[in-house]
Structures are given as C-alpha cells and as structure tokens.
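Student: I would like to go through this model strand by strand. Can we begin with the sheets and then turn to a single residue?

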Amino acid sequence: VTLLWRKRVVKRYDLWTTGFAKSGAAWGTPKKLETTDTDTVDWLSLGVGSDGTAIAVWDYAAELHIWAALFR
C-alpha cells in the first residue's frame, strides 16, 4: 500500500508519502517526497498497477512542469 498526501507548512503544501509493506505489520516512516521549499504542491495523483508498482505525479502552483516518482 502506498499513501500520498499534502501537508500544510505555513503558507504552502509539501508532498509526503509512506507505505505499508506486504510483509510488514505497520506503516513505514513518513518522508517528504518533493524538495521544493519555495512553492506549494498544487495537485497530486497516485496510480497503482496490479503488480503493486505505484507512480505519484504532482505539480507546483507557480510552475508548468509535472513531476513524478516511481515506487516498486
């Protein structure tokens, strides 16, 4: 299981993630997924394949780029 969320930090939102491994008994330690501390994560999306591979995509409010991360 992969979980993705926005966390408010003063006047912006950062993107965070954690996972629950197949063999685990608890959620993993949350970690910040993106590193831009000057802009807010505007939207995010998460897709998961039948093999458990997940891809997260997001953008920042002031940019025209789409960012992505792959989880296996």
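This is a predicted model: local features need pLDDT of at least 70, side-chain atom pairs count only at pLDDT 80 or more; totals for chains, interfaces and linings use all residues.

Tutor: Three of its strands form an open sheet with antiparallel pairing, in the order β1-β2-β3.

Student: Which strands stand at the edges of that sheet, each with a single partner strand?

Tutor: The order in the sheet is β1-β2-β3. A strand with a single partner has one side left without a neighbour in the sheet, so the edges are β1 (2–9) and β3 (31–32).

Student: In β3, what is the bridge partner of Trp16?

Tutor: Strand β2 covers residues 12–19 and is joined to β3 by two bridges, running antiparallel. For Trp16, the partner in β3 is Lys32.

Student: What is the strand order in the open sheet that contains β5?

Tutor: This sheet has three strands with antiparallel pairing. The order is β4-β5-β6.

Student: How many bridges pair β5 with β6?

Tutor: A hairpin of six residues joins β5 to β6. Among the bridge pairs are Ala54 with Phe71 and Val57 with Ala68. Strand β5 spans residues 54–60, and its antiparallel pairing with β6 runs over five bridges.

Student: Is Asp59 buried or exposed, and what is the nearest side chain of opposite charge?

Tutor: Asp59 lies in strand β5. Asp59 is buried and has no salt bridge. A salt bridge needs the charged atoms within 4 Å, whereas the nearest side chain of opposite charge is 7.9 Å away and belongs to Arg6.

Student: Which side chain does a polar contact of 2.9 Å join to that of Asp59?

Tutor: Neighbours within four places in sequence are left aside here; Asp59 is then in contact with Thr40, Val41, Asp42, Trp43 and His65. From that list, the side chain joined to Asp59 by the 2.9 Å polar contact is that of Trp43.

Notes
Residues are numbered from 1 along each chain as its sequence is written. Side-chain values use heavy atoms; hydrogens and water are left out. Two strands pair if DSSP finds at least two bridges between them. Helices (H or I, at least four residues) and strands (E, at least two) are DSSP runs, numbered from the N terminus. Buried means under 20% relative accessible area, exposed over 50%, partly exposed in between (1.4 Å probe, protein chains only). Lys and Arg count as positive and Asp and Glu as negative; His and the chain ends are not counted. A polar contact is a pair of N or O atoms within 3.5 Å; within protein, one must be able to donate a hydrogen and the other to accept it, and residues adjacent in sequence count only if both atoms are side-chain atoms. Contact means heavy atoms within 4.5 Å.
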